[in-house]
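Work through the exercises below with the sequence and the coordinates at hand. Each task is followed by a solution in steps.

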Amino acid sequence: MLLNYNPKHCLPSAEDLPDSDDTPVDNQLQDLIPHLLLDILALIWSEREDWYFGVDMGIYYDPYEPAIVPDGFLSVGVPRIIDEDLRLSYVLWEEQKVPLLVLEVVSHKRRKEYTKKKDFYAEMGVLYYVIYNPLRKRKPRLEVYQLNNGKYELLQGEPIWLSELNLGIGKETGIYQGIEREWLYWYDENGERYSTPEERIKSEGEQREKKGEIEGKQSLILRQLNLKLGNLSLATKQKIKELPSSQLDDLSLALFDFTDLNSLNQWLDKK
């Protein structure tokens, strides 16, 4: 592998090399799965600029050899964005960083993911080699290997913790781009799955909706109490605004029994 770059050698740059091998993906999953991992990573590492996740992009390891094109790969310690034109390919003698992780998604057209590619990535020095085979019925569909003394060793468990990345990777059923099936996801150190962008948007929308619902309840109850008992003190209003939704529902029923501000405050003090 050519990592020691000498400008005097006039090696080709990314602009001089094809950006892929022009081989189309065999099925849609080979495109969607790495893009999902990229989308999630862009959320959880949004404050970081020292990583790059390539999808179906050529990795050049030797100027005299064609690029190898994994379905996805992750490098850490490189600029996320090099310029406004972005990366055309990943050239090792320019980047000076071997990807830490490579992902291959197996299709009906076997591409030697378990043999030739595995040996090649080990020779390249890729620390984590991830193979996802959705076609498997008996053997594990997800396998993650870690390089140890030049050989890959299969990691156990799921989600599988990748200590050098401070991330876990695993599979579970979910929805991405409206498609419900088994997908690959990133996980935290507690084994909790990180949300996808779609899930984050939905969750934030539900939180806004719930907040609006609670504020509507508060406003209605405060108006009813003001009409029945007169002006409420700021302290009393604050206590009401701190009530959860279920207790606001209780208050909306109890307010008909209050005879004065004191009875209201007594009810609030019990909560």
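**Exercise 1. Describe the second largest pocket: its lining, its volume and the elements that supply it.**

Step 1. The lining of the second largest pocket has 13 residues, and L38, Y52, F53, G54 and R80 are the ones nearest its centre. A pocket is an open set of points on a 1 Å grid over the protein atoms alone, where a 1.4 Å probe fits, with protein on both sides within 12 Å along at least five of seven lines; lining residues have an atom within 4 Å of a point.

Step 2. The model is predicted: local features need pLDDT of at least 70 and side-chain atom pairs pLDDT 80 or more, while totals for chains, interfaces and linings use all residues. Residues are numbered from 1 along each chain as its sequence is written, and side-chain values use heavy atoms, without hydrogens and water.

Step 3. The space in this second largest pocket is about 190 Å³, the volume being that filled by probe spheres set on the points, which are joined across faces, edges and corners.

Step 4. At least two lining residues come from each of α1 (29-44) and β1 (51-55). β1 gives the most, with five residues. Helices (H or I, at least four residues) and strands (E, at least two) are DSSP runs numbered from the N terminus.

Step 5. By class, the lining has nine nonpolar, two polar and two charged residues. Ala, Val, Leu, Ile, Met, Phe, Trp, Tyr, Cys and Pro count as nonpolar, Asp, Glu, Lys and Arg as charged, and the others, Gly among them, as polar.

**Exercise 2. Classify the aromatic pair of Y52 and F73, then that of F258 and W267.**

Step 1. A pair of aromatic rings is described by the distance of the centres and the angle of the planes. Rings of Phe, Tyr and Trp (its six-membered ring) pair if their centres lie within 6.5 Å; planes under 30 degrees apart are stacked, over 60 edge-to-face, and the rest tilted.

Step 2. The whole structure contains eleven aromatic pairs. In one of them, Y52 and F73 have centres 6.1 Å apart and planes at 55°, so the pair is tilted. This pair links distant parts of the chain, as Y52 is in strand β1 and F73 in strand β3 (residues 72-76), 21 residues apart.

Step 3. Y52 counts as buried because its relative accessibility is 13%; F73 is buried at 0%. The cut-offs are under 20% relative accessible area for buried and over 50% for exposed, with partly exposed in between (1.4 Å probe, protein chains only).

Step 4. F258 and W267 have centres 6.3 Å apart and planes at 65°, an edge-to-face pair. Both of these residues are buried.

Step 5. Ring pairs also join Y61, F120, Y121, Y129, Y145 and Y152 into a cluster.

**Exercise 3. Is E113 buried or exposed, and which residues does E113 touch?**

Step 1. E113 sits in the loop between β5 (101-105) and α3 (116-124).

Step 2. The relative accessible area of E113 is 2%, so E113 is buried.

Step 3. Leaving out residues up to four places away in sequence, E113 touches E104, V105, V106, K118, Y129 and I131. Contact means heavy atoms within 4.5 Å.

**Exercise 4. Where does K271 lie, and which residues does K271 touch?**

Step 1. K271 belongs to the segment after α7 (261-269).

Step 2. With 48% relative accessibility, K271 counts as partly exposed.

Step 3. Beyond four places in sequence, K271 touches L243 and Q247.
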